[in-house]
Amino acid sequence: MWNAVKYIAVSYVSSEGWFRNGLFRQLRNRIHHVGRNMGAEYVWIDELCLPPGDRTKYLETMGEIYRGAIAVCVISGDVIDTGNPYALFSSIWMQRAWTFQEGYNAKKLVVLTSIVKNKYAIMTEKNIPAE
């Protein structure tokens with residue numbers, strides 16, 4: 001079902017407030033840039049696509065959504081602060097079960113390394129960033 005369209009899914013830790021603290025416009029531009037470069041027609045963002053409330057009942061469906069995406073775009077404050085995609089491995093994003101399963105189900109991880117510039121790293125199978 002989710003493979004019928006080309007889309008990227010966005011993975012982030014909601015407590016970092018990415019979609020509530022005024023950064024959404026800048027993030028939207030970065031995410032769309034990544035999506036276009038990956039050949040995506042759509043973007044999946046939990047915050048905007050899931051109804052509010054208890055989202056744990058969507059865990060099973062989320063695996064399908066993230067497996068169906070052509071790439072998962074990761075937004076992590078630890079990476080943005082340092083500009084280093086390797087910071088992802090020690091970030092809060094890596095420690096959360098919700099985001100872990102999003103990364104686990106990803107065909108490809110695209111890690112944003114800047115909010116201001118169109119900079120990102122594609123994490124390959126060997127976890128080596130490729131520009």
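Visitor: How many Å does helix α1 reach from its first C-alpha to its last?
Guide: The model is predicted, so local features need pLDDT of at least 70 and side-chain atom pairs count only at pLDDT 80 or more, while totals for chains, interfaces and linings use all residues. Residues are numbered from 1 along each chain as its sequence is written, and side-chain values use heavy atoms, with hydrogens and water left out. Helices (H or I, at least four residues) and strands (E, at least two) are DSSP runs numbered from the N terminus. Helix α1 covers residues 24-38, 15 residues in all; with an expected span of 1.5 Å times one less than the number of residues, its reach is close to the expected value, at 21 Å.

Visitor: Which residue with a positive phi follows α1?
Guide: Within α1, the buried residues (under 20% relative accessible area; exposed is over 50%, partly exposed in between; 1.4 Å probe, protein chains only) are L27, R30, I31, H33, V34 and G35. After the helix comes a residue with phi near 85°, namely G39.

Visitor: Which elements do the buried residues of α3 pack against?
Guide: The buried residues of α3 are M62, G63, I65, Y66 and G68. By contact, meaning heavy atoms within 4.5 Å, their partners are β1, β2 (42-45), α2 (46-49), β3 and α6 (97-104).

Visitor: Which side chain makes a polar contact with the side chain of E102?
Guide: E102 lies in helix α6 and counts as buried because its relative accessibility is 0%. Leaving aside neighbours within four places in sequence, E102 is in contact with S11, Y12, D46, Y66 and V72. A polar contact is a pair of N or O atoms within 3.5 Å; within protein, one must be able to donate a hydrogen and the other to accept it, and residues adjacent in sequence count only if both atoms are side-chain atoms. At 2.8 Å, the partner of E102 is W98.

Visitor: How many disulfides are there?
Guide: C73 is buried, with a relative accessible area of 1%, whereas C49 is partly exposed at 36%. A disulfide is a pair of cysteine sulfur atoms within 2.5 Å. By this rule the count is 0.
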